[in-house]
Amino acid sequence: MLKTLACGVATFAGFYVGFRKVLRWSFTHWSDADVLIVSERVLDVLHASLATAAGVITATSCKHVMTDSHWVLSEFLVFGYPYSAIDLYASYISYYHTHRLRGNSMYNKHSMLTLKAFISQYWLTVLHHLAVLGILLPVGIFYRRGLGDFFIGCLFITELSVAFTAISKIIVQLGLENSRLHKINSISVLITFIMCRILIFPYMYWKYGYDFGIPLHKVPSHLPWHCNVGNLAILMPQLYWFYLQLKKIQRVFRHKRD
């Protein structure tokens, strides 16, 4: 486990730092904020792609939702664990240098004030990363007892939309916000978000009911209350983020018409 964890740290941290150097060399006219933002988004694409692959392999391999397992999931739970901490750090650094570029004197150096400002503005993102680090992944690694790999695999599939969201921000950073590529990617963001972050939850309930011979509408009453509460706690932020995605896509197409 420690070897896999160390490999995850080396992969994500090394990729993030290495890509920053490549961008500084390739785009000499970019500011530190530009380099950091794109590096963070590329890191998101890398993790989202790996997580989705691990999720698809696991979910399609598990014939029974509760008892079947797959080694890919166990390995990726440990390997991918450092990503949330590294991404949270990358998000703060991008935020800091963006505000520093705007000439805000508070951002001349790192302080508790800059950290509090970041948490205040991106509290939902911070909460999400801390929940993954402190609750979701530890439960998956230590307490699942070889059960429910299918469900964790499905949760990893939700990361697919993150890849397209990150690509969208990279496209804007490259000055291609008026391109057809941005329009196509925006549609991809919406489709993957609906499929992988919203509809995946009723699908998991349906699959559970199918394996146990229970009608879909009766599945919640057959599950422990904390399972329903946990799913609801994960789903609610997705609905809020979906609302934000709709607003962004509306702006993209409105700007395209103008």
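**Labels and their cut-offs**

Mentor: With 258 residues, a compact globule would have a radius of gyration near 18 Å, and the protein has 20 Å, which agrees. The radius is taken over C-alpha atoms, and the globule rule is 2.2 Å times the number of residues to the power 0.38. This is a predicted model, in which local features need pLDDT of at least 70 and side-chain atom pairs count only at pLDDT 80 or more, while totals for chains, interfaces and linings use all residues. Residues are numbered from 1 along each chain as its sequence is written, and side-chain values use heavy atoms, with hydrogens and water left out.

Trainee: How many helices and strands does the protein have?

Mentor: Twelve helices and zero strands. Helices (H or I, at least four residues) and strands (E, at least two) are DSSP runs, numbered from the N terminus.

Trainee: Why is V139 called partly exposed?

Mentor: Buried means under 20% relative accessible area, exposed over 50%, and partly exposed in between (1.4 Å probe, protein chains only). V139 has 40% relative accessibility, so V139 counts as partly exposed. V139 lies in helix α6, residues 123-143.

Trainee: Which residues make the nonpolar surface patch?

Mentor: M1, I135, L136, V139, F142 and Y143 make this patch of about 660 Å². Patch residues have over 30% relative accessible area and no salt bridge; like charges are joined within 9 Å, and nonpolar side chains (Val, Leu, Ile, Met, Phe, Trp, Tyr) within 5 Å. Accessible areas come from the Shrake-Rupley method with a 1.4 Å probe.

Trainee: What makes the positive patch?

Mentor: K169, K247, K248 and R251 form it. Lys and Arg count as positive. Helix α12 (residues 225-257) gives the most, with three residues. K247 is found in that helix and is partly exposed at 35%.

Trainee: What makes K207 and D211 a salt bridge?

Mentor: A salt bridge is a side-chain nitrogen of Lys or Arg within 4 Å of a carboxyl oxygen of Asp or Glu. K207 and D211 meet at 3.1 Å, N to O. They are four residues apart in helix α10 (residues 200-212), so about one helical turn separates them. K207 is buried at 12%, whereas D211 is partly exposed at 22%.

Trainee: Where are R197 and E159, which also meet in a salt bridge?

Mentor: Their N to O distance is 3.7 Å. The pair links distant parts of the chain, with R197 in helix α9 (residues 180-198) and E159 in the loop between α7 and α8, 38 residues apart. Both R197 and E159 are buried.

Terms used. The place of a charge is taken as NZ of Lys, CZ of Arg, CG of Asp or CD of Glu.
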